[in-house]
Amino acid sequence: MDEELLELQRQFEFAQQAKSSIRLSDRNVVELVQKLLQLQIIDFDLLHTISGKEYITPEQLRNEIFSEIDKRGRVSLIDLADTTAVDLYHVEKQAQHVVSSHSSLMLINGEIFSSGYWDTVSEEINERLQECSQISLAEIAAQLQVGSELIVSVLEPRLGTLVKGRLEGGQLYTPAYVARVNAMVRGAARGIAVPMNLTGLWSSLLVLLHDMDGSSAVAVDSSFFQSLFNSLVKEGEILGSLRAGVNWTPSVFAMAQKEYVDAFFSQNSFISYEALQKLGNPQPIQLLQSRYPEGIALATVFAHGSLVEMLDASVEDTIEHGSWFNSLSVLPQSFVPEDASKILSLCPSVQRSLKSGKAHMLGDSYLFSESFVLDLFNRIEKDMETFLVSGLPEDSQSAKDSKQGRDDVSSLADPDDFDNQSGIRPMPEKGSKKKKGKSMGNVKAGGSEIVPEFQESAVVKSKKNQKKGKVIPALQVPDSKSGSKKSNRVDIPVFLSEESLIQKIKELIPDLEDQGLDDPESVLAPLANYLRPMLLNSWMERRKAAFTENSQKMKRVIDNLQRKLDEDFLNIQLYEKALDLFEDDQSISVLLHKHLLRTAATPMVDALLVNLDMHSKLSNGIQVEESQDPETESLSSSTRIALAKGLNGSLSTKAIGLVETLEGKRVELFVSAMRELADESGIILKKLDKKLERTLLHSYRKDLTSQVSTETDPVSLLPKVVSLLYIQVHGKALQAPGRAISVAVSRLKGKLDVSTFKTLSDYQSAAVTLLSLISAGTGNEDDCSSDRILSKKELLEDSMPTLKSLVLGGSSQS
């Protein structure tokens, strides 16, 4: 057999050494191979090498890859492509085939690893671990240039066999080191007697290890301690309970806590959640409810049912005696108002009383019997009657100021009524009480008795205006800026505010403050808010009744005011026409305008303001006594402003403007402001027409004629004579102060016959002289001066019949 093999070898060597007469090029070979593939003579795959001069089969490539892995243990696919001279694509494809065919191989991140390689690595790691007691997986991964996850997956199945150690938290530890640390953890855990967060314990153990080992200390992660601790708990070597993985409660503490809670709860019938939290229990309610199912969980404490029975007895006594009760005064001091409110609501007697309406829970801890609340309501309601009758304090003060302003008005004549040059005393003014109805400024008799057609006309106009909706009480006139909604709003009185009611309750029930509570307002405010709607309803009912009672008074006030303004406004329009005669003399014109504003306009404004103020108070339900005297006392300027400001909305604005016109110098401004205020308040002011003017002048002349014929004072006769002459000459009613009499007399020159004017002028000169003597002789006892005064007065008295006959004769002729 050997000889045959040797012969074949010699023949093969001879064939190789023989030179062929036919040589094929590389191109011919490639074409030949392709032809063989087409003819399927070659029925297997061929792969080109990188050089393109060689062919290799996939089976051969796989064999070469496996051979390379078996030789080196760890091979990169890139290195295999270089070694086999085959494209990387074919190498990767065949490498996956090789790895899938051999379970001991793994392809990770472009590298093929064999199990033998990892066994060798594990042996090396174990040798190093035994030398230094600890190795970091990150360090091993960096040296092997692989991921830490791969290292973990490789080492875990080899722990305890090839690798003698323990893997925890990315670290490898030797069994001896693990036993040492385990003993430290067991000792520290057994020394804990109170609940503790284990994170702090692990930090202490790390410090202890560094102190023990110094610079050679092994780096230990907290998870290593935690893992050892969990194993000890599972094995029963340490006793306790673990919550959330780090909160440790030793069994010795749990037993002591249970004994403390049982003892405290049995002695006091309650225990606070805060006490359990201080003992380290984060969920005290759940613990107590599981241990004492019959207990009651309140806001801050856990109570026994016996406290409800105790409260129930006190509540029954409170309701029976019609009193009030503070549950905090009976409960322990640890109870807060929220606790008292909840446990009070659980009392059977409280539930029955609240359902039947015999008691009320106000505040958190207070219980009031219905009879007590009604008694308090009745006492406050009685005090409310005082406010209803007298009005609010500011109303009383306004009335006081008004009265004070009236008392301050002097009854003496205005200094402007005397002329320093002429010394003429003025006529009696219309506002005078003593000569009301007899002075020259009053035309009441003529306006109401002689002209019945004027009355009929006024009534007809009033009815027409009422049909048109023009006559509106002052209260019902809405503010144009505020709108209808605002006019319907009902203002709540100050004495029914929460602060006022709380102060009143303090006065009536001082015990609420005397019992030493930290916050007595906690019950006063709820009690006041409970009583407030009842008191408000009562006040509204009383106010409604007062409105009904005051409605007739309001009607009489408006009717009386309307009648007075009808007369006075016509008079001032009548007197205003006479002022046109003196427009050429500015100084006398201003004097006459101011005199008419003071004598005729001011009383009209005073009456209007007083009556509007009275109407406003009556409309607000305030009891106001009606004045029996139809005449209004003169008011001071400050009182007029106060009354005007006290009116509502735009009515107040127009009233203030009217008051300001009294200090002006033009009557027409007053007339315009008076009309605006009258329109705003719904009062009708008549306009003076020709017919009314003739009627009033006739009445005024008749009244003056009567006064001149009966006058006995020589000085007072002069202004009346002058006014009568102006009616006869100009057909106008003149109201002139004493300082303007001389000018008024001089303007009659040429209007009267010479003898009449001379008699009037001499009489006026004598009257001036008499007044000058009287003024100069005041306080002088000189007999000569007295004789001169008497002589001058007798002269005037002797001239009076002549002057009267001249004036009255002319009047009768007219």
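User: Which residues gather in a patch of positive charge on the surface?

Analyst: In this predicted model, the residues that gather in a patch of positive charge on the surface are Lys 577, Lys 690, Lys 691 and Arg 694. Helix α30, which spans residues 690-710, contributes the largest share of the patch, namely three residues, while Lys 577 has its place in helix α25, residues 521-578.

User: Why is Lys 577 called partly exposed?

Analyst: The relative accessible area of Lys 577 is 31%, and the term buried is kept for values under 20%, the term exposed for values over 50%. Since 31% falls in between, Lys 577 is called partly exposed.

User: What makes Glu 127 exposed?

Analyst: Glu 127 has a relative accessible area of 54%, and because the cut-off for exposed is over 50%, the residue counts as exposed. Glu 127 has its place in helix α6, residues 115-132, and together with Glu 123, Glu 124 and Glu 131 it gathers in a patch of negative charge on the surface.

User: How many aromatic pairs does the structure hold, and why is the pair of Phe 265 and Tyr 292 called stacked?

Analyst: The structure holds 15 aromatic pairs. In the pair of Phe 265 and Tyr 292, the ring centres are 4.5 Å apart and the planes stand at 25°; rings pair if their centres lie within 6.5 Å, and planes under 30 degrees apart count as stacked, so this pair meets both conditions and is stacked.

User: What parts does the pair of Phe 265 and Tyr 292 tie together?

Analyst: Phe 265 lies in helix α12 (residues 251-268), whereas Tyr 292 lies in the loop between α14 (284-291) and β13 (296-297), so the pair ties together parts that are 27 residues apart in sequence. Both Phe 265 and Tyr 292 are buried.

User: How do you know that Trp 324 and Phe 368 are stacked?

Analyst: Their ring centres are 6.2 Å apart and their planes are at 25°, and because the limits are 6.5 Å for pairing and 30 degrees for stacking, the pair is stacked. The pair links distant parts of the chain, with Trp 324 in strand β15 (residues 324-326) and Phe 368 in strand β17 (residues 366-369), 44 residues apart.

User: Why is Trp 324 called buried, and what makes Phe 368 buried?

Analyst: Buried means under 20% relative accessible area; Trp 324, with 18%, is therefore buried, and Phe 368, with 0%, is likewise buried.

User: Which residues do ring pairs link into a cluster?

Analyst: Ring pairs link Tyr 260, Phe 264, Phe 270 and Phe 335 into a cluster.

Key:
Residues numbered from 1 in each chain as written. Predicted model: local features only at pLDDT ≥ 70, side-chain atom pairs only at ≥ 80, totals over all residues. Heavy atoms only, no water. Patch = residues over 30% accessible without salt bridge, like charges linked within 9 Å, V, L, I, M, F, W, Y side chains within 5 Å. Areas by Shrake-Rupley, 256 points an atom, 1.4 Å probe, with all protein chains shown as cover. Salt bridge = Lys/Arg side-chain N within 4 Å of Asp/Glu carboxyl O. Lys, Arg positive; Asp, Glu negative; His and termini not counted. Charge placed at Lys NZ, Arg CZ, Asp CG, Glu CD. Helix = DSSP H or I, 4+ residues; strand = E, 2+ residues; numbered from the N terminus. Buried < 20%, exposed > 50% of the residue type's maximum accessible area, 1.4 Å probe, protein only. Phe/Tyr/Trp six-rings, centres within 6.5 Å; stacked < 30°, edge-to-face > 60°.
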